[in-house]
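Please keep the sequence and the structure in view while reading.

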Amino acid sequence: MECAFCTSGIDHCHGTLVVHPDGGFAECTDESCADLDRVRHALIIDCHTVDAECSCTLAVEVEAELRQAS
């Protein structure tokens, strides 16, 4: 079975794009991925889905708690 995007010549990635909630940081599970644009990825997940203890997730939660406390 061949990938429809590959046979059509459409620029894409077979990896999963892992997006961090800070809005400016993403990484791909495919080490050969050269472009982290969301359009190139069929699979996109938030980092807390992979790692509930991700440091960026904790930073966002702490920031939200500090805003509520003030």
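This is a predicted model: local features need pLDDT of at least 70, side-chain atom pairs count only at pLDDT 80 or more; totals for chains, interfaces and linings use all residues.

Residues are numbered from 1 along each chain as its sequence is written, and side-chain values use heavy atoms, with hydrogens and water left out.

**Overall arrangement**

The secondary structure comprises 3 helices and 3 strands, which follow one another from the N terminus as α-β-β-β-α-α; helices (H or I, at least four residues) and strands (E, at least two) are DSSP runs, numbered from the N terminus. Of the 70 residues in the chain, 24% count as buried. Among contacts with a separation of 6 or more, 41% come from residues 24 or more positions apart, where contact means heavy atoms within 4.5 Å.

The 3 strands form an open sheet in the order 2-1-3, with mixed pairing. Strand 2 and strand 3 stand at the edges with a single partner strand each, so one side of each has no neighbour in the sheet. From one strand to the next the twist averages 30 degrees, with axes taken as lines fitted to C-alpha atoms (for helices over the stretch in contact) and angles running from 0 to 180 degrees between N-to-C directions.

Strand 1, residues 13–20, is mostly covered, with 7 of its 8 residues buried. Strand 1 pairs with strand 3 (residues 41–46) in the parallel sense over 5 bridges, and with strand 2 (residues 25–28) in the antiparallel sense over 4 bridges; two strands pair if DSSP finds at least two bridges between them. On the strand 3 side, Cys-13 has His-41 as its bridge partner and Val-18 stands opposite Ile-45, whereas on the strand 2 side the bridge partner of Leu-17 is Cys-28.

**The loop between strand 2 and strand 3**

Leu-36 is found in this loop, between strand 2 and strand 3. Its C-alpha atom is separated by 7.2 Å from that of Leu-17, 19 residues apart along the chain. Not counting residues up to four places away in sequence, Leu-36 touches Leu-17, Ala-26, Glu-27, Cys-28 and His-41.

Arg-40 takes part in the 1 salt bridge that a search of the whole structure finds, a salt bridge being a side-chain nitrogen of Lys or Arg within 4 Å of a carboxyl oxygen of Asp or Glu. Its partner is Asp-11, at 3.1 Å from N to O. Arg-40 lies in the loop between strand 2 and strand 3 and Asp-11 in the loop between helix 1 (4–8) and strand 1, so the pair ties together parts that are 29 residues apart in sequence. Arg-40 is buried at 11% relative accessible area, whereas Asp-11 counts as exposed at 53%.

**Histidines and cysteines**

His-12 is found in the loop between helix 1 and strand 1 and counts as buried at 17% relative accessibility. Leaving aside neighbours within four places in sequence, His-12 is in contact with Cys-3, Phe-5, Cys-6 and Arg-40. His-20 has its place in strand 1 and is buried at 5%; with the corresponding neighbours left aside, its contacts are Phe-25, Ala-26, Glu-27, Cys-47, Cys-54 and Cys-56.

| Histidine group | Partner group | Distance |
|---|---|---|
| His-12 side chain | His-14 side chain | 3.0 Å |
| His-20 side chain | Glu-27 side chain | 2.8 Å |

With a disulfide taken as a pair of cysteine sulfur atoms within 2.5 Å, the count comes to 0 disulfides. Cys-3 is in no disulfide, and the nearest cysteine sulfur, that of Cys-6, is 3.8 Å away. Cys-3 is partly exposed at 25% relative accessible area, whereas Cys-47 is buried at 2%.

Technical notes: Buried means under 20% relative accessible area, exposed over 50%, partly exposed in between (1.4 Å probe, protein chains only). A polar contact is a pair of N or O atoms within 3.5 Å; within protein, one must be able to donate a hydrogen and the other to accept it, and residues adjacent in sequence count only if both atoms are side-chain atoms.
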